[in-house]
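Colleague: I'd like to learn how to read a model like this one. Could you walk me through it, feature by feature?

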Amino acid sequence: MAKNVYLPSHATSKSAYIQSMEQYYEMHKTSVESPAKFWSEIAAQFHWETPYDVNNFYSYNFDVTAGPVKVKWMEGATTNVCYNLLDKNVRNGMADKVAFYWEGNDPEDYSKITYKKLLEEVCRFANVLKSKGVVKGDRVAIYMPMILEIVITMLACARIGAVHSIVFAGFSSDSLAERMADCKCKVLVTADSVYRGDKLLNIKILCDIAMDKAKNFGHEVSSCIVVRHLPRLYRSMNTTNGTNGSDSNTIDLHSDVPWTDGRDYWWHDEMDDVEPSCYPVWVSAEDPLFMLYTSGSTGKPKGVLHTTGGYLLYAATTFKYVFDYHPNDIYWCTADIGWITGHSYVVYGPLANGATSVIFEGTPFYPDNGRYWSVIEKYKVTQFYTAPTAIRALMTFGEEPVKIHNLDTLKVLGSVGEPINPEAWLWYYKYIGKERCSIADTFWQTETGGHVITPLPGCTPMKPGSASFPFFGVKPILLDESGKEIEGVGEGYLVFNKPWPGMMRTLFGNHERYESVYFSKFPGYYCTGDGARRDEDGYLWVTGRIDDMLNVSGHLMSTAEVEAVLTEHPDVSEAAVVSRPHPVKGECLYCFVTTNSGVPFTSKLSSELIKKVRDNIGPFAMPDVIQHAPGLPKTRSGKIMRRVLRKVAINDKDVGDISTLADEHIVEELFKNRPEKT
């Protein structure tokens, strides 16, 4: 084994579910050679109203040349995810166990909710949704901050067979409108406002704008249910159930909340006098559970669709083994529920294991730079899961904010969203984990539903920056450009030729695009769009996107998506966007803009373009640099040579062969035009 390898601590291995690499290899071999046997034994732990057939447990086709692509697990079996997450746990003696500790933006704003109370609130809201005409198969859009009502809404949808479509509440009104119109949601669930740090965000106003814009796409939202969130701090703090009942002492801060009678309804009004019981709708294992939009290389978001049975198995199993979660542990994932990490590892995975979790509304820097560490100390967190972006940002403040907090309860540290650089890994390991915690550097995607390559805390020797080895049921393959498999040490496209239960089934309303995007490049393989290399020890290192995608602070977006916004400006004729390394974000947006003939490039135009990207996509997409480009480096066939632009972005004049460019001189012009402060 090469140097710079960190072994799990003896204490971690001794108590872990998987205590050695020999045990891992044996389980992994069974999972890929006998998937029906492996996964049916796990499925037996859950309730199935109609049993699955072990002899017909799964089927698939990845080869677009052999017919439609399909993935099916336990087809014909029926169940209900909400029943398995709540009713089952309540009946198994967990009624009074805390499901979630909720930690608000302000440290003085916190609450908790038990499994029994969560079940009652979910049933109440399921009945509210039914009263608004929501039935099995209908879509419900959710645009909410990190409050308990977002979990209640998700599980209420699952209880009645509705499909939830959550849009991250940092997206713009344009992005929300496009997603609501595409999924044709019947109901939108949101909140009035939220503080993020010391900044007030008026969510309902954004939703009103989005609902108006959705009409331009030919879709009208029939009902909008609004959580009264902002006054929580003004109510007495003796409530422990995390819900929004009316309170005579509440200060009315809602006189300025925009309202449309007949469409808009207060959550607390709707929840009054509603039955706290709702019989679950039994759905097929292959019925949809949720859809989640992710950026597409054409700029149009893709509605990734996950189904019920397989996703439940995979979220539950990855959570249990990757975080080595045991009863009485306290788990905290900092991800927003608006992303797939929040779906799988804030809600579905933890609840399926009867876990107690922390849900956090705030930021790592409010009211001070030690907020994460104070929350870990407050709740005695044992597993902590966050993004490299957050780790790098917190590194800049040194270890002093860490030292004043007791982090001794931590056992497992997780990393998600992008490959973690070794420097951040080592800081995380040394200062947060005190060199005794295993680090689970997880690779996966919205499309995969759960972790596909990851170390396991009790057994995997860790290499800083490596995602290590495949999870159970997953067999990664590296291909070269011609589609030939790379054996042993090498680097290529990261693909898979067999399904696991949690992978997506299609893109909502567009199976053709699903086949084209993920299965057409290499027939017979699911193509992740990422590159990876395998080292001499068999470890996998994910090297990043191969296609025209950007990963900024863990948020995946396409170059086409940003370029489309930039070229909407009347003064811009053409735009090209590339990523550039960033010490905190991992990558940042570096934009090249060509103005219309006779139009000067000014700081005013640059500011307008930055604002336009922010307004149309969201604050996380704001470009760091906008450079004037008198022209773009194009081949004679008109294709932009992006590798040249990436070189310009980092001021590396070793651009390689540019003989195929229609105008080689443009490269020199681009280097001359680089802004002084970049």
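Colleague: In which sense do β11 and β12 pair, and over how many bridges?

Modeller: First, some ground rules. This is a predicted model, where local features need pLDDT of at least 70 and side-chain atom pairs count only at pLDDT 80 or more, while totals for chains, interfaces and linings use all residues. Residues are numbered from 1 along each chain as its sequence is written, and side-chain values use heavy atoms, with hydrogens and water left out. Helices (H or I, at least four residues) and strands (E, at least two) are DSSP runs, numbered from the N terminus. Two strands pair if DSSP finds at least two bridges between them. Here, β11 and β12 are joined by three bridges in the parallel sense. Val 226 has Trp 266 in β12 standing opposite.

Colleague: What is the strand order of the open sheet?

Modeller: Reading across, you get β12-β11-β8-β6-β7-β14-β15-β23, an open sheet of eight strands with mixed pairing. The edges are β12 and β23; each has a single partner strand, so one side of each lacks a neighbour in the sheet.

Colleague: How does β14 pair with β7 and with β15?

Modeller: With β7 (residues 163-166), β14 pairs in the parallel sense over two bridges. Ser 165 has Met 291 in β14 as its bridge partner. With β15, β14 runs antiparallel, and six bridges join the two. There, Thr 294 stands opposite Lys 302 in β15. As for the side chains, in a regular strand they alternate between the two faces of the sheet.

Colleague: Why is β14 called largely enclosed?

Modeller: Go by burial: buried means under 20% relative accessible area, exposed over 50%, and partly exposed in between (1.4 Å probe, protein chains only). Strand β14 (residues 288-294) has six of its seven residues buried, so the rest of the structure largely encloses it. For the protein, 61% of the 678 residues count as buried.

Colleague: Where is His 229 found, and is His 229 buried or exposed?

Modeller: Look in the loop between β11 (223-227) and β12 (264-266). His 229 has a relative accessible area of 5%, so it is buried. Sequence and space tell separate stories here: Val 194 is 35 residues away from His 229 in sequence, yet their C-alpha atoms are 7.0 Å apart.

Colleague: Which residues does Thr 341 contact, leaving aside neighbours within four places in sequence?

Modeller: Contact means heavy atoms within 4.5 Å. Thr 341 sits in helix α11 (residues 340-352) and counts as buried because its relative accessibility is 10%. With those neighbours set aside, its contacts are Cys 333, Ala 335, Val 346, Tyr 385, Val 416 and Trp 444.

Colleague: What do the buried residues of α16 pack against?

Modeller: Start with who they are: in helix α16 (residues 511-519), Arg 513, Tyr 514, Glu 515, Tyr 518 and Phe 519 are buried. They pack against β2 (70-73), β15 (302-307), β23 (506-507) and β24 (526-534).

Colleague: How does the radius of gyration of the protein agree with a compact globule?

Modeller: The radius is taken over C-alpha atoms, and the globule rule is 2.2 Å times the number of residues to the power 0.38. For 678 residues that rule gives a value near 26 Å; the protein has 25 Å, which agrees. Along the principal axes, the C-alpha atoms fill a box of roughly 70 × 65 × 60 Å. The protein has 20 helices and 30 strands.
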